[in-house]
Every structure is written in structure tokens, then in C-alpha cells.
Amino acid sequence: MSRTFVSHTSASAGPSVTCSDLTFRWSDGTPVVEGLSLTIGRGRTGLVGANGSGKSTLLRLFAGLLRPHGGSVGVVGRLAHLPQELVLDTDLRVEHVLGIAERRAALRAIEAGDPDERHFETIGDDWDVEERARATLDSLGLDHLDPDREVGRMSGGETVLLGLAARLLERPDVLLLDEPTNNLDLFARRRLHEAVAGYRSGVLIVVSHDADLLEGVDGIVELRPGGGTTRYGGGWTAMTEALETRREAADRALRSAESDVRRRRRDLEDTRLRIGSRTRHDRNPGVRGSVPRIVAGARKRAAQESAGKLRGVHEERLEEARERLDEAEEAARREEEIRVDLPHTAVPAGRTVLTLRGVRLPRGGAGRLDLEVRGPERVALIGRNGSGKSTLLHVLAGESEPAAGEARTLVPTRYLPQRQDVLDDALSIVGNIERVAPGAGANAVRARLARFLFRGARADRLVGTLSGGERFRACLAALMLAEPAPHLLMLDEPTNNLDPASVRQLTGALAAYRGALLVASHDRTFLEAIGVTRWVLLGEESGEIGRDEALALFRAPPAD
């Protein structure tokens, strides 16, 4: 029987995280991790894998927040964990989140002349705690935060960076980060990228789909569903190059295995033909009559034994070739691609798709906006958190009114918000598509869904039972297959929480889309992949900017 334990011990032997034969299942018995053995030592390690492969669960097991059903977890050193969904009491002050409130109070008391021994015990050797906190905040671009500021007055991106600052102040030997760049604007992302790239004090494990973030790690571990792993040295580029080399080798092995199976089948068929010809020859009355019965019988038995052995050899070789083919197919299997043609979404180049005239958004954010989109243009909305990207999309979708000016969409439009709530969880995938495309017959709906990788019984699954990646594909299908065909798609942070395979599927689907795109995103790689033609920066100085200027915002070091 396997032992189950979680240990956090001194880092005197060097910090590390280890699991051995680790197994974890949800309460309904669904397996998440089975038989995983892994050791991660000092350095920066990216943890990647498909949605649902268990990455976040594994971090929570490392942190002791979940208890394994089998195997063991061991952590050498002090551990800090930044979860994917960081929830903080809005009434807390920055000093409380940083964990320095008591030491600050003790310092103030001593400075005021209070000699109480308890103040000195509270401070210990940490007399520079305020200076360290200030330096940590500054390094993450939070130099404007006052320790007495309330969390409720901060943006979501500031909250995530503040959570990271709190973990760094703990001086952990092991730091776990779970999708830390989700919902961060491009400026906050650069700060976090720098923090990860500059981490040198122990073990850093970061779960992320952010290619730019993963470029700065020392190595990457790919977690496969069920518990298998593959290690890659270097960052994102090194991993993708290694993957491509492995895929090319697997494709060559697959072609060789297919050729071998064809050759073995021919050999077996030739053997059967020879045996059949020999049998017909031996049954010929003229042949039988010229040979004594006892000799004919011996020849027949010998021929049958020889034929049986020969046929068995070829059948065995064919089975071995088939096994090699199965292995080669498994090794060469790539993620399925969405293959869809959407000619009805095409927009003539001169047609006006949307207009903004002196628009001022509700709840502040961007200044006055003027914008006109014509034809199949692909427009990116970029800017800091709180600059109004999502608000602008809400206005264009008709979900809210601008504070001033006029915002109009002039073509059939579909909108996918961050929360992806465009589907009815109680309906099947087919039922949801039939709802947005009532004129399409059942067979047509199923044929279209097959292009989005929902084939056969998969299309009958209830939306509420889908995984994150499956739900996203269903949302995408509902948008693109709607009637009338959408000539404008508006997407709000579509790559958040998507694994690389799902992002590639999304990119492939958008390549088939022929209408206009308006996309709010902080994902530079994705925006370049979908062929953005115009860039609009939102904020105090809202307006259109050039491509080079836009990409410089993603790549340049943050201004101090």
C-alpha cells in the first residue's frame, strides 16, 4: 500500500519539490494525476500542458492545499503559493497583504519612544522591512502604492502584482505561480516577466500559457493527462523547436511503419496465393495418380505443416508491423485542427462595419474615441487594465450606453466576453447551435460542428459538462455559425486560460473568418498570429497607433 504524505522541510540540502507515484482524484472518482513521479530543483521551471491535465491541481498538492490519494509529496524549504484566482478582502490595506502591518506598527511605536520589549520581538532582525517592501513594490511597477492604501481601490492587475510582492517578501525557498499573467495588462505583464526572468533565490515553478513569460525560464516540464511528463531544456522557443524535431521524427517513423505494414500484407497475401496454388496442384487427379498413396499423404502433411509455419511467420510479422504502426501513430498524433470555411462572413473592403464618434466611455477609462472600421479589418484594442477595453466592447455589443458620443455597429455582430457565458449550460452543443442558427437543419448543424471537432455523440453533450477548452470551442462555433453570418466578431481576452493547442485552434478558425475582427488582448503572440492590421491604444491618450509603436509597448522595458 502506498504512503501518502506532504512534507515541508529545511532547505539546508538545497530547495526542491518532489512527488513519487502521486495520485489524486476528485470526489466523484475522476482521476486528475495518476502515478506521477517528478523532481524539480533550483531554478525557474515552466509547467505546461493541455487544459485539464492537472497543472493547477499539482501546484495545490505541492502547497499542501490538497491531500493526495496515493504516493507522496515532499517540499524542501519554505514555500509560497500564488493561486490563479487571488481573492483579497477589499477592506484590507496594502501593508496587511504584504504581511508587514505588525512590524510597521512596532517600528512606529519604537520611534515614538515606546521601549516595550514586545515591539523588539515583533521586529526581530527585520529592521529594514519597510525598505524591502518598498523596493519589492518598485520592482513590480507598484511604486505608486502607499502601504496604507485599501485593496478595494486597486485594479485587478495591481492586486495580482501585490500578491506576488507579498510572496517575494516572505523570502521563500520554493515559489509557485499559477497563471500569473492572466488579466494583466501589457505593462503589468512586462513587470511580471522581469520578476520571473530575474528570480535566482530558489525553486520557481510557474504554470502558464504565456509564451513570452516562458521564454525566461530555465526549463519546461510538459504534464500530460494521466500523469506522464516530458522535460525540455531552455524556454518556450527551445521547447517548440524540440517538439517540431520530435514531430518530424515521429512522422518519418509513421511513414516507415505504414510502408512496413503494406509490405507485410503483400507478403502474407503472396504466401496465401502460393499455398492455394500448391493445394490445387496436389488435388489434381493426374498428379495424385502418379504418386503412391503413402507418399502423397506424407507430402500433403509436410506441405500443410510448411504452409502453416510460413503463414504463421508472415501473420506474426504483420502483427508486429501493426503494433509498430500503432506506436508510430500515437507518437505522431498532433492536436486536431479546426477546419472550417466561412464564405458568408465575407465583408466588402469598402463597407463600413462600425463607427465611434466622440465616444466617452462610462466609468471613466479612455478619453474621447473616434474610429471607423471598414471591410475585413482586424483591429486590436490594447492598454492598461481599467483603460476601457472591455467597456468599449460592452458598448458596441449594446450592453451599455456611452457616457457621450455615438457608437454604432452597421453589420451583423457577435461578441464573446471574457466570462464566455454565451451558451446555455442546460442545452447540448447541438441545441445551442440550433438556437443561434434556427434556419439550419439538424444534419447541417452536425456537419458544421464536426468542423469544430464535435463529432457524433460529442455534439450531444450538455454544455455544462464541457472542459474549459471544449466550452471555448463550442462558444466559437456558436459565434461563427450563427445566422445571419456575423460580419464583425468582437473578442475579449480570448486566449485567457487556453492551452497552446486551443490557441492554435482559435488562430486556425479565425484564419477562415472573412469578416472584421475587434479583439481586446494582452497576448502579443496571438495578436500577431491573427494578422492584426490596426492597433488602438486606450487610456488617457486614446487613439490609433502604428504597428511598430504597438509592439514596442509589449517589448520595451517598463518605464520607472
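This is a predicted model: local features need pLDDT of at least 70, side-chain atom pairs count only at pLDDT 80 or more; totals for chains, interfaces and linings use all residues.
Six strands make it up, in the order 6-7-8-4-9-10, and it is open, with mixed pairing. At its edges sit strand 6 (79–82) and strand 10 (229–233), each of which pairs on one side only. From one strand to the next, the twist averages 15 degrees. Further in, strand 4 (residues 43–48) and strand 9 (residues 219–223) run parallel and are joined by four bridges. Here Val-48 stands opposite Glu-222 of strand 9. Helix 6 (residues 156–169) packs on the sheet, where it touches strand 6 and strand 7 (174–178). The direction of helix 6 makes about 180 degrees with that of strand 6.

Next come the cores. The largest nonpolar core counts 52 residues, and Phe-452, Met-480 and Trp-535 are among those with the most contacts inside it. Helix 15 (residues 468–480) supplies the largest share of this core, eight residues. Phe-452 itself is in contact with Ile-338, Val-340, Arg-473, Leu-476, Ala-477, Met-480 and Leu-481, leaving aside neighbours within four places in sequence. Apart from this core lies another, of 43 residues, including Val-97, Leu-145, Ala-165 and Leu-177.

Last, a closer look at Ser-428. This serine is found in the loop between strand 15 (413–416) and helix 13 (429–436). Ser-428 counts as buried because its relative accessibility is 17%, and the cut-off is under 20%. A polar atom of the Ser-428 side chain lies 2.9 Å from the backbone nitrogen of Gly-431. Not counting residues up to four places away in sequence, Ser-428 touches Ala-459, Asp-460, Arg-461, Leu-462 and Val-463.

Terms used: Residues are numbered from 1 along each chain as its sequence is written. Side-chain values use heavy atoms; hydrogens and water are left out. Helices (H or I, at least four residues) and strands (E, at least two) are DSSP runs, numbered from the N terminus. Buried means under 20% relative accessible area, exposed over 50%, partly exposed in between (1.4 Å probe, protein chains only). A polar contact is a pair of N or O atoms within 3.5 Å; within protein, one must be able to donate a hydrogen and the other to accept it, and residues adjacent in sequence count only if both atoms are side-chain atoms. Contact means heavy atoms within 4.5 Å. A nonpolar core is a set of buried Ala, Val, Leu, Ile, Met, Phe, Trp, Tyr and Cys residues joined through side-chain atoms within 4.5 Å. Two strands pair if DSSP finds at least two bridges between them. Axes are lines fitted to C-alpha atoms, for helices over the stretch in contact, and angles run from 0 to 180 degrees between N-to-C directions.
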